[in-house]
Amino acid sequence: MKLRDQYRRLHLFIQSVEQQPGLPALAEALHCSERNMRLLLAKMQDQGWLTWQAGLGRGNLSQLQLHVTPESLALDHLSGLLAKGDLEHAFASLDRKQRAQLATRLPDYLGVPDPTCRRFRMPTFRRIESLDPLKAIGRLEAHLVRQIFSRLTTFDPEQNKLLPAIAHHWESNDDATIWHFWLRPGLSFHDGSELTTEDVRASFQRLRQQSYNYRALYQHLNKIELGNNQRISFHLSRPDYLWPHCLATANSSIVPRQRPNNFEHMPIGSGAFRVTRHNNYQLTLSTFKDYYKERPLLDEIDLWVIDAPEHKLELDLQFGFDKKSGDDRKKWQIAESGCSFMICNPNKTRFKTCEQRQAFADFLSPFQLLDPHDPARRPASALLAQWSHRMPNKVVDCPIKSGTRLRMFSGQSPEILQLGELVSQRLLSAGVKLEWQTLAFKELIARDWMPDADFVIGREILHDDIDFGCFEWFSADTIFRRWLPESKRKELNEELQRIQTIASSDTRMQSYANIAHGLVQEAWILPLSHENQQVNVATHVAGVRTTALGFVAFNELWLRGD
């Protein structure tokens, strides 16, 4: 960096003089001795930046020829940093405008940086928020937490059942109020410290006391008892056949009792990958060699934060792709579990009654808004694609009077922005004056905007365990729950507690369908669409298994080579 800066000063000086300066003038311009100036010129010449020939004999001036500009030199340096994956240093010395220019070049450096190494890069289209399992709310963070941390149980979507994770066995008493789990021996965290039953107990005490959106999932946990042979016993205040499912979620990941101050940013877990670098521009995950299961097949995965393209986003995932190889990619589609929806604020006069909200839903019917041939989504009549709860009526007239001002809030994901644009056009065509405010993820989950909103466009994506995913959705501190009347919220809570006493998954799923039917029929939630994620992967990347969240299991990826 210092030599490049000195070259920049030298370049400025040469541009300011009319004739070849001698060595004394060069030394004076760079505030150094003539001896040091000779050394600097020699170093710059070795780099190929200039040619310098000392004058021989009295009256013969030195000859200096510059070959590169400071700008091209800086660009070459930044390109080198990008090629090495060192985004933090590449962006560090740039102002905001320069950073924006450099960001446009990032996609050129995605892919496999070195075919001989087991690592590659992939993009993410927003900044990564907290990686503390306690605060992992977004699907991106939840997916990453699953790679970084371990849990007592895990859900296998192919077998559609729970499997052992760091607990090798579990059982309950007859009424499912006490659950016993036995830890595997020899577990350790990424920093080398031992993972013990004490860490498990502390993790769940922390969830019960401090959990944010999902606190309701842990509030019936009365006591955690530690026994012999790595046993942990959970004592619950009511029966809960879903408890082992709860322990497989990202939020239920086991964290160390002693955590550094920057734990949200540089977490220490016991999962297949450990965080080795995390800044505003990238997250680097490296293989954890002491992982309790099979070693991941890749050594390193580098996620780069790249601005989403302004045009319609074609890809949710694109990795292992090198532009030089052309359009040599596998493409397929993942149907998300869940839906995109609208929620009206019942505290506003125009949405106070069920009939008002239903009329609004009918005018904004997804069967009229959406292109039936759009591969990215299909119209929704229920919260899950396998359900059908209310078909909107075909209407022409808008129930909101022309000239009325409405405030719509939404997130900033490409899918939500596309839906928001369709809703906006439909309302504007009816003369409604719509103010649409999009919020960054962190602002969206803060919920400070809710009193000002007339309605919101949201999206819920369930993880692989659809059974517990439904329970989690209806239990969490979501927007629709905050806008439910107290009596409806109490009724929902009682039904969810009843569901916990049901041992059969099929029976629980029917109960969730009944809950969803009521929420849609009474227009507390207005379904819009079921989304499909497009996944593009280079042909030399293998082991791709997609998840309901729209990502892939990192530990199964591997490279075929040339």
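Mentor: First, the bookkeeping: helices (H or I, at least four residues) and strands (E, at least two) are DSSP runs, numbered from the N terminus. This is a predicted model, in which local features need pLDDT of at least 70, side-chain atom pairs count only at pLDDT 80 or more, and totals for chains, interfaces and linings use all residues. Residues are numbered from 1 along each chain as its sequence is written, and side-chain values use heavy atoms, with hydrogens and water left out.

On pLDDT (the predictor's confidence in each residue, from 0 to 100), the chain has a mean of 87, and 85% of its residues reach 70 or more. Residues 310-322 fall below 50, yet that stretch has 52 contacts in the model beyond near neighbours in sequence, a contact being heavy atoms within 4.5 Å.

Now the part I'd pick: helix H16, the 15 residues 486-500. From first C-alpha to last, H16 reaches 21 Å, close to the 21 Å expected at 1.5 Å a residue; that expected span is 1.5 Å times one less than the number of residues. Lys488, Leu492, Leu496, Ile499 and Gln500 are buried in H16. Down the axis, those buried residues of H16 fall within an arc of 120 degrees, so they line one face of the helix. The arc is that of the directions from the helix axis to the C-beta atoms, and buried means under 20% relative accessible area, exposed over 50%, partly exposed in between (1.4 Å probe, protein chains only). What does the buried side of H16 pack against? Helix H14 (466-475), helix H15 (479-483) and helix H17 (505-521). Turned away from that side are the exposed Glu486, Ser487 and Lys490.

Gln358 counts as buried because its relative accessibility is 18%. Leaving out residues up to four places away in sequence, Gln358 touches Arg390, Gln521 and Ala523.

Two loop residues are worth checking for backbone angles. His31 isn't a glycine, but has a positive phi near 55 degrees; His31 sits in the loop between helix H2 (23-29) and helix H3 (34-46), exposed at 69% relative accessible area. Asn229, not a glycine either, has a positive phi of about 55 degrees. You'll find Asn229 in the loop between strand S8 (221-227) and strand S9 (231-236), exposed at 66%.
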